[in-house]
Amino acid sequence: MTVAPPPNTLLTPSDLHPEMELVMRVMPMPKDANGNGDIFGGWIMSQVDLAACVLPARVSRGRVTTVAVNEFVFRNAVSVGDLLSFYARVEKIGNTSITVHVEVWAERRPADPILVKVTEAHVTYVAIDRDGKPRPARPV
C-alpha cells in the first residue's frame, strides 16, 4: 500500500546513494532565468559550487577553494519554481584535495510532486590556510 507523504514533507530520491547528504535547498527565481524561461546553466553551476564545498570545508575543518570542475552534466532543464535539493558525498581525499560528487534534484508540480535529477557534477577542492596556500586536507 502506498501512502502519500504529508503535504509539508519534502521528497527525497528513492535511488539516492546511501552516503549522499542533503547540503542545500534553493528555489530559482525569475531573475535566474534566460530568455527561454529556463534557469541559466551558470546559475546552477554556481549553486553546485556553493553546495559542494560544504563537505570539504567540514572534512578539512577550514577554508577550501575550488580547483577543478572534473565533470558537470546537465540532465534536465530547471524552471522557475522548481525546488532544488543538492546532495553531496566525498569521493576522494588526497593530501590537500577533496573531490565531491553532487547530484541536484528538482521537486516539481506541487499539486502532484515528482522528483527529477537535473544536474550532477564532480568538483575538486583544495584545503587552504589563511594565506591561501595549500594545507593538509585532513587536520592533524
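Is arginine 58 buried, partly exposed or exposed? Arginine 58 is partly exposed, with a relative accessible area of 49%; buried means under 20% relative accessible area, exposed over 50%, and partly exposed in between, with a 1.4 Å probe and protein chains only.

The model is predicted: local features need pLDDT of at least 70, side-chain atom pairs count only at pLDDT 80 or more, and totals for chains, interfaces and linings use all residues. Residues are numbered from 1 along each chain as its sequence is written, and side-chain values use heavy atoms, with hydrogens and water left out.

**Overall build**

The chain has two helices and five strands, in the order β-α-α-β-β-β-β from the N terminus. Helices (H or I, at least four residues) and strands (E, at least two) are DSSP runs, numbered from the N terminus. Its C-alpha atoms fill a box of roughly 50 × 40 × 20 Å along the principal axes. Of the 140 residues, 39% count as buried. Among contacts with a separation of 6 or more, 69% are between residues 24 or more positions apart; contact means heavy atoms within 4.5 Å.

**Salt bridges**

The structure holds eight salt bridges, each a side-chain nitrogen of Lys or Arg within 4 Å of a carboxyl oxygen of Asp or Glu. The table lists some of them.

| Pair | N to O distance |
|---|---|
| Glutamate 21 and arginine 58 | 3.1 Å |
| Arginine 109 and aspartate 112 | 3.0 Å |
| Lysine 117 and glutamate 120 | 3.6 Å |

Glutamate 21 meets arginine 58 in a salt bridge. Glutamate 21 lies in strand β1 (residues 21-26) and arginine 58 in helix α2 (residues 54-60), so the pair ties together parts that are 37 residues apart in sequence. Glutamate 21 is partly exposed, at 33% relative accessible area.

Arginine 109 is partly exposed at 44%, and aspartate 112 is partly exposed at 49%.

Salt bridges with shared partners join Arg75, Glu103, Lys117 and Glu120 into one network.

**Surface**

Met45, Val69 and Phe74 form a nonpolar surface patch with about 270 Å² of accessible area together. Patches consist of residues with over 30% relative accessible area and no salt bridge, like charges being joined within 9 Å and nonpolar side chains (Val, Leu, Ile, Met, Phe, Trp, Tyr) within 5 Å. Accessible areas come from the Shrake-Rupley method with a 1.4 Å probe; for residues, only the protein chains shown count as cover. Valine 69 sits in strand β2 (residues 64-74) and is partly exposed at 48% relative accessibility.
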